Amino acid sequence: KNEVEQSPQNLTAQEGEFITINCSYSVGISALHWLQQHPGGGIVSLFMLSSGKKKHGRLIATINIQEKHSSLHITASHPRDSAVYICAVTPHLAGNQFYFGTGTSLTVIP
Amino acid sequence: NAGVTQTPKFRILKIGQSMTLQCAQDMNHNYMYWYRQDPGMGLKLIYYSVGAGITDKGEVPNGYNVSRSTTEDFPLRLELAAPSQTSVYFCASSYSGQYSTDTQYFGPGTRLTVL
């Protein structure tokens with residue numbers, strides 16, 4: 001059983017739509033991370049959060065520690081948002097080791 | 001800053017061959033990591049290092065070795081390559097304490113095929 005589960009696995013949206021990607025985890029954590037993997041393969045960190053909500057441009061990440069759940073929202077989606085979005089958690093007392101979800105592949109159609 | 005760099009970008013190996021994947025970072029990060037990414041699977045940790053001279057196994061270490069002689073470099077050695085090692089390999093680094101968490105910075109990846 002994977003400690004980090006993401007849904008949906010694949011998502012296709014029309015440009016301009018509001019998108020939500022969900023992440024559930026089963027361990028106590030120090031932090032949760034959202035990463036973006038571009039079609040070319042590069043991985044970049046979008047957010048690191050341990051409570052509440054963070055916003056960067058059109059991206060919003062929320063976390064509910066009690067429910068062990070996080071969501072990544074993209075407002076006014078654009079074709080350049082097409083990528084794989086990966087959720088990862090840092091368990092308590094695990095140094096900085098990450099447990100990764102399998103990713104959500106997002107395609108935004110013009 | 002170049003960030004995290006990896007070489008080579010692509011490599012094809014024959015079964016039984018050996019090779020070293022290079023990884024370097026110029027951010028003075030103490031933690032470095034090697035991951036593999038297989039289709040449909042999440043990233044899996046192979047080895048990690050918390051500082052020069054200190055390395056430890058991750059989730060999938062069999063068939064690999066690492067060393068960390070400097071803060072900057074963290075090479076991954078594949079001995080006796082097998083088809084099961086066909087994957088995309090990512091190196092990452094972060095600045096972290098033992099009980100703190102921080103963003104990891106990833107290299108561009110090495111796509112390895114073993115035939």
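**Disulfides, strands and cores**

Tutor: Cys23(B) and Cys91(B) are both buried, a word that stands for under 20% relative accessible area, with exposed meaning over 50% and partly exposed in between (1.4 Å probe, protein chains only). The model is a predicted one, in which local features need pLDDT of at least 70 and side-chain atom pairs count only at pLDDT 80 or more, while totals for chains, interfaces and linings use all residues. Residues are numbered from 1 along each chain as its sequence is written, chains are lettered from A and ligands numbered from 1 in the order in which they are written, and side-chain values use heavy atoms, with hydrogens and water left out.

Student: What makes Cys23(B) and Cys91(B) a disulfide?

Tutor: A disulfide is a pair of cysteine sulfur atoms within 2.5 Å. The sulfur atoms of Cys23(B) and Cys91(B) are 1.8 Å apart, and the pair meets that criterion. The link is left-handed, with -70 degrees about the S-S bond. Strands here are DSSP runs (E, at least two residues), numbered from the N terminus.

Student: How many disulfides does the structure hold over all chains?

Tutor: It holds 2. In chain A, Cys23(A) is joined to Cys87(A), with S to S 2.0 Å.

Student: Why is the disulfide of Cys23(A) and Cys87(A) called left-handed?

Tutor: The torsion about its S-S bond is about -65 degrees, so the disulfide is left-handed. Cys23(A) lies in strand E3 (residues 19–25) of chain A and Cys87(A) in strand E9 of chain A, so the pair ties together parts that are 64 residues apart in sequence.

Student: How do you know whether Cys23(A) is buried or exposed?

Tutor: Cys23(A) has 0% relative accessibility and therefore counts as buried. Cys87(A), also at 0%, counts as buried.

Student: What makes strand E4 (residues 29–37) of chain A largely enclosed?

Tutor: Of its 9 residues, 8 are buried, so the rest of the structure largely encloses it.

Student: How do you know which strands pair with E4(A)?

Tutor: Two strands pair if DSSP finds at least two bridges between them. E4(A) and strand E9 (residues 83–91) of chain A have 8 bridges in the antiparallel sense, with Trp34(A) partnered by Cys87(A). Strand E5 (residues 43–49) of chain A is joined to E4(A) by 6 bridges, again antiparallel, and Gln37(A) stands opposite Ile43(A).

Student: Why are E1 (4–7) and E7 (64–66) of chain B called edge strands?

Tutor: The open sheet in question has 4 strands in the order E1-E3-E8-E7 (chain B), with antiparallel pairing. E1(B) and E7(B) each have a single partner strand, so one side of each is left without a neighbour in the sheet.

Student: What makes a group of residues a nonpolar core?

Tutor: The term denotes a set of buried Ala, Val, Leu, Ile, Met, Phe, Trp, Tyr and Cys residues joined through side-chain atoms within 4.5 Å. The largest such core has 22 residues, and Leu32(A) and Trp34(A) have the most contacts inside it. A second, separate core of 19 residues includes Met19(B), Ile46(B), Tyr64(B) and Val66(B).
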